[in-house]
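Please examine the following model together with its sequence. The briefing below is arranged by topic.

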Amino acid sequence: MTTATAPTAHAALGFRDRARVRRWMWRFTLAMQDYHPSREARRIRRDLRAALLDDAARLGVDVALREIGSPWRVAADHLDALDSAGPRWNDGAVVAVLLGFGLPLYMWVAWAIGAVDTVGAMGGGRAELSWLGVPMTAENSDEMFGIAFTLGWQPFAVSLGLGALGFALGSRIWRLWRRTPVS
């Protein structure tokens, strides 16, 4: 016994067309970050994706994307129905990673390169240093070139603090405590 399933609109599209629809949906999702409640936002995305795939299968991806228009405009139409905007969690996560991980790593690498170069400029040798409370040894001689360190809790605390600050600022977390209008 064999069972036949009807082909879906998603299966009728080629790889390139599905990628274009996914890209449009990704841009729409980014634009809808302010939309709350999130359950309603997921329902809107799911319905819009189904309609877009159906139109793309019937009319072609070019026509379907042209008719629906810019994802930013479509999202703005949905956002206009809200009384206030919610936090932007994705933006907060990106800022938290950049501020909590990228910035300390960049600063540490720059500091380490500068320390080794400074030891070399002073005629070479070895220097015992400290960065954020972590003991480090910078050496620049004919036999050895580099830096040695033992990782402590202090850099993690600084990264965690910077990441939390970045998340709060990037996500605009204060929007959680918005006032709702009294009816």
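The points that follow cover the core, the strands, the salt bridges, the surface and the annotated spans.

This is a predicted model, in which local features need pLDDT of at least 70 and side-chain atom pairs count only at pLDDT 80 or more, whereas totals for chains, interfaces and linings use all residues. Residues are numbered from 1 along each chain as its sequence is written, and side-chain values use heavy atoms, with hydrogens and water left out. Helices (H or I, at least four residues) and strands (E, at least two) are DSSP runs, numbered from the N terminus.

- The largest nonpolar core has 20 residues, of which W24, F28 and L52 touch the most other members. Such a core is a set of buried Ala, Val, Leu, Ile, Met, Phe, Trp, Tyr and Cys residues joined through side-chain atoms within 4.5 Å.
- Two or more residues of this core come from each of α2 (15–31), α3 (38–59), α4 (61–68) and α5 (71–79). Helix α3 supplies the largest share, six residues.
- L53 belongs to helix α3 and counts as buried because its relative accessibility is 6%. The term buried means under 20% relative accessible area, exposed means over 50%, and partly exposed lies in between (1.4 Å probe, protein chains only).
- L53 and A12 are 41 residues apart along the chain, and their C-alpha atoms are separated by 9.3 Å.
- G14 sits in the loop between α1 (9–12) and α2, and is partly exposed with a relative accessible area of 34%.

**Strands and hairpins**

- Strands β1 (125–131) and β2 run antiparallel and are joined by seven bridges. Two strands pair if DSSP finds at least two bridges between them.
- E128 stands opposite T137 of β2.
- β1 and β2 form a hairpin with two residues between them, and L132 in the turn has a positive phi of about 55°. Most residues other than glycine have a negative phi. L132 is partly exposed, with a relative accessible area of 37%.
- Strand β2 (residues 134–140) is also antiparallel to strand β3 (residues 145–149), with five bridges joining them. These two strands form a hairpin with four residues between them.
- Within this pairing, N140 has F145 of β3 as its bridge partner, and M136 stands opposite F149 of β3.
- Strand β2 is mostly covered, with six of its seven residues buried.

**Salt bridges**

- The whole structure contains eight salt bridges, each defined as a side-chain nitrogen of Lys or Arg within 4 Å of a carboxyl oxygen of Asp or Glu.
- D47 and R43 meet in one of them (2.7 Å, N to O); both residues lie in helix α3, four residues apart, about one turn of the helix. D47 is partly exposed at 41% relative accessible area, and R43 is partly exposed at 34%.
- E40, R43 and D47 are linked in a network of salt bridges.
- D54 and R58 also form a salt bridge (3.5 Å, N to O). Because D54 and R58 are four residues apart in helix α3, about one helical turn separates them. D54 is partly exposed at 36%, while R58 is exposed at 54%.
- The D91 and R88 side chains meet in a salt bridge (2.8 Å, N to O). R88 is buried, with a relative accessible area of 15%, whereas D91 is partly exposed at 27%.

**Helix α7 and the segment after it**

- L169 is located in helix α7 (residues 153–171) and counts as exposed because its relative accessibility is 52%.
- R172, in the segment after α7, has a positive phi of about 55° although it is not a glycine. R172 is partly exposed, with a relative accessible area of 31%.

**Annotated spans**

- The unreviewed UniProt entry lists residues 93–113 and 144–169 under "transmembrane region". UniProt positions follow the numbering used here, feature names are shortened, and annotations may be inferred rather than shown by experiment.
- Residues 93–113 are 100% helix and 0% strand, with end C-alpha atoms 29 Å apart.
- Residues 144–169 are 65% helix and 19% strand, and their end C-alpha atoms lie 43 Å apart.
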